[in-house]
Amino acid sequence: MKTPWNFFKYLPMARSVLARGRLPMVLLAVARKRSARGGLIKGLREDLGLLQALCVAWWRGEYRQVSRPALVAAVAGLLYFLTPMDAIPDWIPGLGFVDDLAVLGWIIRKWSGELQAFRTWRDSQPADVRASIDRLSALDEATDSHVSDGRNAEH
């Protein structure tokens, strides 16, 4: 399975986001863009939701069984989705999210074992834990308390 050619430049950005504790800001931006795009392709919406949930659970320290390369790829995929001027600009009607879907689909296939393990873990959690993972608005507090003073869940 070949890596999408335009995905490589997002890997260093993803490493930087993780190292600098900026993950909550990325997740909030993805949530805003995702909700503003009501017509997203179903597969894209589901893939984004899974990657967001994984990143939320990792940020909160609730799920750390994901490998670093899989986490970096997930964050890079979210960054790719956020970029309006990627391989196919998002503003082109009907085509703008095709490349986003391809990149996210590649991540889902490449890291399918780890993402399935996360999905199994998430589904085994009590309803309140699952709801908190899926509720991205709760990251506002994490952004304020952790990012502003330079902390994140790894420290």
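Where is the place of glutamine 125? Glutamine 125 sits in the loop between helix H6 (112–124) and helix H7 (127–134). Helices here are DSSP runs of H or I with at least four residues, strands are runs of E with at least two, and both are numbered from the N terminus.

The model is predicted, so local features need pLDDT of at least 70 and side-chain atom pairs count only at pLDDT 80 or more, while totals for chains, interfaces and linings use all residues. Residues are numbered from 1 along each chain as its sequence is written, and side-chain values use heavy atoms, with hydrogens and water left out.

The protein chain as a whole comes first. Its secondary structure consists of 8 helices and 0 strands, which gives the pattern α-α-α-α-α-α-α-α along the sequence. The chain has 155 residues, and 48% of them count as buried. Buried means under 20% relative accessible area, exposed means over 50%, and partly exposed lies in between, with a 1.4 Å probe and protein chains only. A contact means heavy atoms within 4.5 Å. Of the contacts between residues at least 6 apart in sequence, 73% join residues at least 24 apart.

Helix packing can be followed in one pair. Two packed helices are described by the angle between their axes and the distance between the axes. Helix H1 (residues 10–19) and helix H4 (residues 68–82) pack at about 105°, with axes 8 Å apart. That makes H1 roughly perpendicular to H4. Axes are lines fitted to C-alpha atoms, for helices over the stretch in contact, and angles run from 0 to 180 degrees between N-to-C directions. Angles under 35 degrees count as roughly parallel, over 145 as roughly antiparallel, 65 to 115 as roughly perpendicular, and the rest as oblique. The H1 residues that meet H4 include Tyr10, Leu11 and Val17, and their H4 counterparts include Leu71, Val75 and Tyr80.

Leucine 82 also lies in helix H4. Leucine 82 is partly exposed because its relative accessible area is 23%. Leaving out residues up to four places away in sequence, leucine 82 touches Val26, Ala29, Val30 and Lys33. The C-alpha atoms of leucine 82 and valine 30 are 6.3 Å apart, although 52 residues separate them along the chain.

Leucine 23 belongs to helix H2 (residues 23–36). With a relative accessible area of 0%, leucine 23 is buried. Its contacts, with residues up to four places away in sequence not counted, include Val17, Cys55 and Val75.

The last stop is the region around glutamine 125. Glutamine 125 is buried, since its relative accessible area is 17%. Its side chain reaches the backbone oxygen of tryptophan 121 at 3.1 Å, and a polar contact of 3.4 Å joins it to the side chain of serine 124. A polar contact is a pair of N or O atoms within 3.5 Å; within protein, one must be able to donate a hydrogen and the other to accept it, and residues adjacent in sequence count only if both atoms are side-chain atoms.

Side chains of opposite charge can pair when their charged atoms come close. A salt bridge is a side-chain nitrogen of Lys or Arg within 4 Å of a carboxyl oxygen of Asp or Glu. The count is 1 salt bridge. Arginine 122 and aspartate 123 form a salt bridge, at 3.6 Å from N to O. Arginine 122 is buried at 15%, whereas aspartate 123 is partly exposed at 47%.
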